[in-house]
Amino acid sequence: MIRKAKAVWRGTGRDGGGNLSTDSGVLAETPYSFRTRFENEKGTNPEELIAAAHAGCFTMALAFQLQAAGFTPTELSTEAAVTLEPEGQGFRISASALTLRAQVPNLDEAAFTRMASDAEKNCPVSKVLNAAITLDAKLV
């Protein structure tokens, strides 16, 4: 399986701008720029998209684990906070902090913690990130 996205950029790094599109059409010439990445201008940025990918991947991985164990979650709500920091002449993603709040009837805390940890380690996005990954998972 191959998934594709396309970036088009025009101009300099600070003053230029670009757009991102995905084959699915979910992103269609979505604007991004220095200001959407490092300031608060409306638009997206690569780190926000990585955070969305990590939250979605992890949450789905956990849903599959719960299903295999015979549990049906009422809700799994995950936030991923990706940290971008300076490194040398550029930047690096140094961390992705996952915060999960889950409602899973009849699941004990120990089994939940074990499954959440396993999902974090084994979701494909976690595997591709070269960053410190933390998980704060709670049944609510």
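Which residues lie nearest the centre of the largest pocket?

**Figure 1. Lining of the largest pocket in the predicted model.** Arg3, Lys4, Ala5, Thr22 and Ser24 lie nearest the centre of the largest pocket, and they belong to a lining of 15 residues. Strand E1 (5-10) and strand E2 (17-22) are the elements that contribute two or more residues to this lining. By residue class, the lining comprises eight nonpolar, three polar and four charged residues. The volume of the largest pocket is about 500 Å³.

Figure 2. The model contains three aromatic pairs. In the pair shown here, the ring centres of Phe34 and Phe38 are 5.0 Å apart and the planes stand at 40 degrees, so the pair is classed as tilted; an angle under 30 degrees would count as stacked and one over 60 as edge-to-face. Phe38, at 34% relative accessibility, counts as partly exposed.

**Figure 3. Aromatic pair of Phe38 and Phe91.** The rings of Phe38 and Phe91 form a tilted pair, with a centre-to-centre distance of 5.1 Å and an angle of 35 degrees between the planes. Phe38 belongs to helix H1 and Phe91 to strand E5 (residues 90-103), so this pair ties together parts that are 53 residues apart in sequence. Phe91 is partly exposed, with a relative accessible area of 47%. Through ring pairs, Phe34, Phe38 and Phe91 are linked into a cluster.

Figure 4. From the N terminus on, the order of elements is β-β-β-α-α-β-β-α-α-β. The C-alpha trace spans about 55 × 35 × 25 Å along its principal axes. Of the 140 residues in the protein chain, 34% are buried. Among contacts with a separation of 6 or more, 50% involve residues 24 or more positions apart. The accessible surface of the protein chain amounts to about 8,800 Å², and carbon and sulfur atoms account for 53% of this surface.

Notes
Residues are numbered from 1 along each chain as its sequence is written. This is a predicted model: local features need pLDDT of at least 70, side-chain atom pairs count only at pLDDT 80 or more; totals for chains, interfaces and linings use all residues. Side-chain values use heavy atoms; hydrogens and water are left out. Rings of Phe, Tyr and Trp (its six-membered ring) pair if their centres lie within 6.5 Å; planes under 30 degrees apart count as stacked, over 60 as edge-to-face and the rest as tilted. Buried means under 20% relative accessible area, exposed over 50%, partly exposed in between (1.4 Å probe, protein chains only). Helices (H or I, at least four residues) and strands (E, at least two) are DSSP runs, numbered from the N terminus. On a 1 Å grid over the protein atoms alone, a cavity is a set of points where a 1.4 Å probe fits but cannot get out, and a pocket is an open set with protein on both sides within 12 Å along at least five of seven lines; lining residues have an atom within 4 Å of a point. Grid points are joined across faces, edges and corners, and a volume is the space filled by probe spheres set on the points. Ala, Val, Leu, Ile, Met, Phe, Trp, Tyr, Cys and Pro count as nonpolar, Asp, Glu, Lys and Arg as charged, and the others, Gly among them, as polar. Contact means heavy atoms within 4.5 Å. Accessible areas come from the Shrake-Rupley method with a 1.4 Å probe; for residues, only the protein chains shown count as cover.
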